[in-house]
Amino acid sequence: MNELDLEKNKKAKVILHMDGDAFFVGVEVAKNPKLKGKPVVTGEERGIVSAFSYEAKALGVSRGMPIFRLKKEFPNVIVLPGDYKSYVKYSQMMFEVVRRYADDVEEYSIDECFADLTGLEKVLKMTYKEIAERIKREINNELNLSVSIGIAPTKVLAKVASKWKKPDGLTIIEEKNYKKFLEETPIEKIWGIGPKTSELLKRKGILTGLDFVNKKDSWIEGNLSKPYFTIWKELNCINVLKLDPELKSEYSSIQKTRTFHPVTNDKKYLLSQLSKHIEEACRKARYYKLVAKRATVILKTKDFNYFDLNIKLDVPINSPETLMSLVNEKINNIYSPKVFYRATGIVLQDLVSEITLQNDLFGNTEKTNKLKIIHKQIDLLEKKFGKRLVHLGSTHEALKIIEKGTDSDDLDRDLLFL
Ligand SMILES: [Mg+2]
């Protein structure tokens, strides 16, 4: 095939990526300015550190550290419970500031957004740099929060730019200098390139973003799957990933839970409830074109105790079959026939855009692709004829029984940092 004509494919865009600096802790400091400059962590309610201030980081605190260990090793660190309502509120206020300047804003996660600034220089009579400085200043003055901003011709390059200097950074990458930035960006730091792929690339001598973009398109297409070709193009200033203003940060995790009456110890019933939740959560993920890298199964007992089962998904998914078989396999880790339960739930976590889905290059993704095609068809049918047209056999039991209860979509975004 002919080599891709890079010049012809470039359509100049100006994309901004904004990322809150240690966001959860930033909000805590904004709420209580006395905490400024102090080592602070959140996550007390979960028993592990979920976010930390730069001061805590400097001491050696790391994410996921158990709180009891933290208290022993770093007695001066201030430990706070997560306050998700405030995080959501501040997140929305922060995005509103960006919307003062740009119409197209994609809320990518609770503390990250993309915005299309193309053409705004003329409209607003400001340079792109001035627009970014205004956004930073207004967020800082009005919300007492610090953010880092990157501006670049594509989304993937804008991510490189916002990470370039943190905290309080402002970095602009342009077509004329993008290779300079990529030369100093290790391959594993590029958005969408996961650990397995970076290992493979490194073995092939590709250590930096520059090594990657310098490969010919035919090499990329011949050696890697499609999402990486997209990343390659984006890194070469070719705009492929569109902004999705509909993508809301509420879906950085998707939760489905239901309380039922009466309480039960019937494993078959609990599994059918879970199967139903999993189908619903996956449907929602597909609607937003997201895939989950992790899932948590929750069983709540009659006495209001919680048991949770963490499932790491080697290949990110949004189809229920794989997840349900893992749940079947592992449910006995948290289920006991002697205990009565009042609720079940599923949380899909670490959601990422389907388009940057990292296929396991060594594993067989054929099954995943097949399921994807099947679910696309089901979603189309259900759109036409209504929900519940097709469901997993394991869900059947749950649908037969009409029970009282409440479905709730909860926001659980405690795992986002940086
Ligand atoms: Mg952040």
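## Aromatic cluster, sheets and cores

Phe23, Phe24, Tyr84 and Tyr87 form one aromatic cluster. This is a predicted model, in which local features need pLDDT of at least 70, side-chain atom pairs count only at pLDDT 80 or more, and totals for chains, interfaces and linings use all residues. Residues are numbered from 1 along each chain as its sequence is written, and side-chain values use heavy atoms, with hydrogens and water left out.

**Aromatic pairs**

The structure holds 10 aromatic pairs. Rings of Phe, Tyr and Trp (its six-membered ring) pair if their centres lie within 6.5 Å; planes under 30 degrees apart count as stacked, over 60 as edge-to-face and the rest as tilted. Two of the pairs are listed here.

| Pair | Centre to centre | Angle between planes | Class |
|---|---|---|---|
| Phe23 and Phe24 | 6.1 Å | 55° | tilted |
| Phe24 and Tyr87 | 4.2 Å | 10° | stacked |

Phe24 lies in helix α2 and Tyr87 in helix α5, so the pair ties together parts that are 63 residues apart in sequence. Helices (H or I, at least four residues) and strands (E, at least two) are DSSP runs, numbered from the N terminus. Are Phe24 and Tyr87 buried or exposed? Both are buried. Phe23 is buried as well. Buried means under 20% relative accessible area, exposed over 50%, and partly exposed in between (1.4 Å probe, protein chains only).

**The five-strand sheet**

An open sheet has five strands in the order β5-β6-β1-β7-β8, with mixed pairing. Two strands pair if DSSP finds at least two bridges between them. β5 and β8 (170-172) are the edge strands, each with a single partner, so one side of each has no neighbour in the sheet. Neighbouring strands are turned by 15° against each other on average, direction ignored.

Two helices pack on this sheet. α7 touches β1, β7 and β8, and its direction makes about 165° with that of β7. Helix α8 (residues 155-164) touches β1, β5, β6, β7 and β8, at about 140° to the direction of β7. Contact means heavy atoms within 4.5 Å. Axes are lines fitted to C-alpha atoms, for helices over the stretch in contact, and angles run from 0 to 180 degrees between N-to-C directions.

**Strand β6**

How many residues of β6 (residues 112-116) are buried? Five of its five are. In a regular strand the side chains alternate between the two faces of the sheet. Here both faces are covered: Glu112, Phe114 and Asp116 are buried on one side, Cys113 and Ala115 on the other.

β6 runs antiparallel to β1 (residues 15-20), joined by five bridges. Along that pairing, Ile15 stands opposite Asp116, and Asp19 stands opposite Glu112. β5 (residues 105-109) also pairs with β6 in the antiparallel sense, over four bridges. Glu107 has Cys113 as its bridge partner. A hairpin of two residues joins β5 to β6.

A charge also sits at Phe114: the charged end of Lys155 is over the ring, 4.7 Å from its centre. Elsewhere, the charged end of Lys215 sits over the ring of Trp219, 4.8 Å from the centre. A charge sits over a ring if NZ of Lys or CZ of Arg is within 6 Å of the ring centre and within 35 degrees of the ring normal.

**Nonpolar cores**

Which residues touch the most other members of the largest nonpolar core? They are Met18, Leu117 and Ile135, out of 40 residues. The elements giving two or more residues are β1, α2 (23-31), α5 (84-99), β6, α7 (128-143) and β7 (147-152). α5 supplies the largest share, eight residues. A second, separate core of 33 residues includes Ala161, Ile187, Trp191 and Leu224. A nonpolar core is a set of buried Ala, Val, Leu, Ile, Met, Phe, Trp, Tyr and Cys residues joined through side-chain atoms within 4.5 Å.

Leaving aside residues up to four places away in sequence, Met18 has contacts that include Met94, Phe95, Val98, Ile135, Ile139 and Ile149. Glu112 and Cys113 are also among the residues that Met18 touches.

**The three-strand sheet**

Another open sheet has the order β3-β2-β4, with mixed pairing. β3 (51-52) and β4 (78-80) stand at its edges with a single partner strand each, so one side of each lacks a neighbour in the sheet. β2 (residues 40-42) pairs with β3 in the antiparallel sense over two bridges. Thr42 stands opposite Ala51 in β3. α2 packs on this sheet, touching β2, β3 and β4, and its direction makes about 115° with that of β2.
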